Amino acid sequence: MVNVLGFLQSHLPTRNSLTWSISRIVKQNYSDALYKRIVSDFVKALDYSPPAWRGAEVDITSTVTYKYLLSEFSAFGSDKWIEAISLLAATYGELPYPNHPAEVRLRIARFTWCLIYIDDLGHRNPSVLEAFQQGVLENYEVGETPLQGFRDHLADIYNFWDTVPADCITVGGMEFIIGRLLEINPAIRDMKATTATYSWPNFLREKTGAPAPFAFMIFPKASNVKISTYIQAIEDMKIVINYSNDLLSFYKEELDGETDNYIHNRARATRKPIPETLRDVANEVVAAHYRVTQILQSTDGELAWKQFAVGNLDLYFSGKRYRLGELGF
């Protein structure tokens, strides 16, 4: 096997020309038609049919979860903004976890709502995010705000998940804040690509994607599934959660002109074109999915995983947010 790092160190051009050459490689040969082929191969490999293909109707606005979020958070933004993020959060609570009790689905939706709010707060008031975790340790309350609600909600997680899964969910929520602070840090945002940056996109994505919470949420107390049944599959579940998002949100983000997402970061780090990076990510999701399926086969965690796997994909193929319907999905 080629020593990639040694090869790069001995063959790369100077730093000034590096950014230009990587940009040229990354943008090479991408097209919407090629993206559609990659996604088509992806869903075929997973034996998955988008809702439009199987005649399924998804109406999250009629759920109790959506209506509850609207009521709970109505004071914290404009009607349209609250409606939009409540719809997205309720979708995350409902589709991947269809057989969870209603109160558990609501907790998942609340958690998601708070993450979306935190993401937005990073744009508007990053100093509040910077002070949040220290405030938690010092037991400093932040008043009647969604951040205080997030803090209270994290404590409530322990009522619905066992201790270790709840620990992982709460830590994942905190790591999401760290990831957001990293993303908006000017010094980090303006960093130049180096010849040995392969792991950096994964480090950042691990925090900004919050995959561990959504993986552990598959198995609440009410499921009576022991942690020993699924813990060996958690890392692969995280791959499925993060990378399916990166793959299936890419079309929308490309149309919006975004170049600071995981696919672009990984392409720059690996010096691979976007199409090859997309294909790699799709293949890694498929491989991880089948590893999880094998681990959980014939266990009492099998059905919850199968339902999650379908619902997780339905997130992207239902509705208009990710625009995949424009490609025939």
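Start by selecting glutamine 133: this residue is partly exposed, with a relative accessible area of 24% (buried means under 20%, exposed over 50%, and partly exposed in between, using a 1.4 Å probe and protein chains only). The model is predicted, so local features need pLDDT of at least 70 and side-chain atom pairs count only at pLDDT 80 or more, while totals for chains, interfaces and linings use all residues. Residues are numbered from 1 along each chain as its sequence is written, and side-chain values use heavy atoms, leaving out hydrogens and water.

Now show helix α8, residues 126–137, where glutamine 133 sits (helices are DSSP runs of H or I with at least four residues, numbered from the N terminus). Which residues does glutamine 133 touch, not counting those up to four places away in sequence? They are Met174, Ile177 and Ile178, where contact means heavy atoms within 4.5 Å.

Next, select helix α5, residues 64–73, and colour Thr65, Tyr66, Leu69 and Phe73, which are buried. These residues cover an arc of only 100° around the axis, so they lie on the same side of α5 (the arc is that of the directions from the helix axis to the C-beta atoms). Turn to the other side of α5 to find Val64 and Ser71 exposed.

Note on methods: Helices (H or I, at least four residues) and strands (E, at least two) are DSSP runs, numbered from the N terminus.
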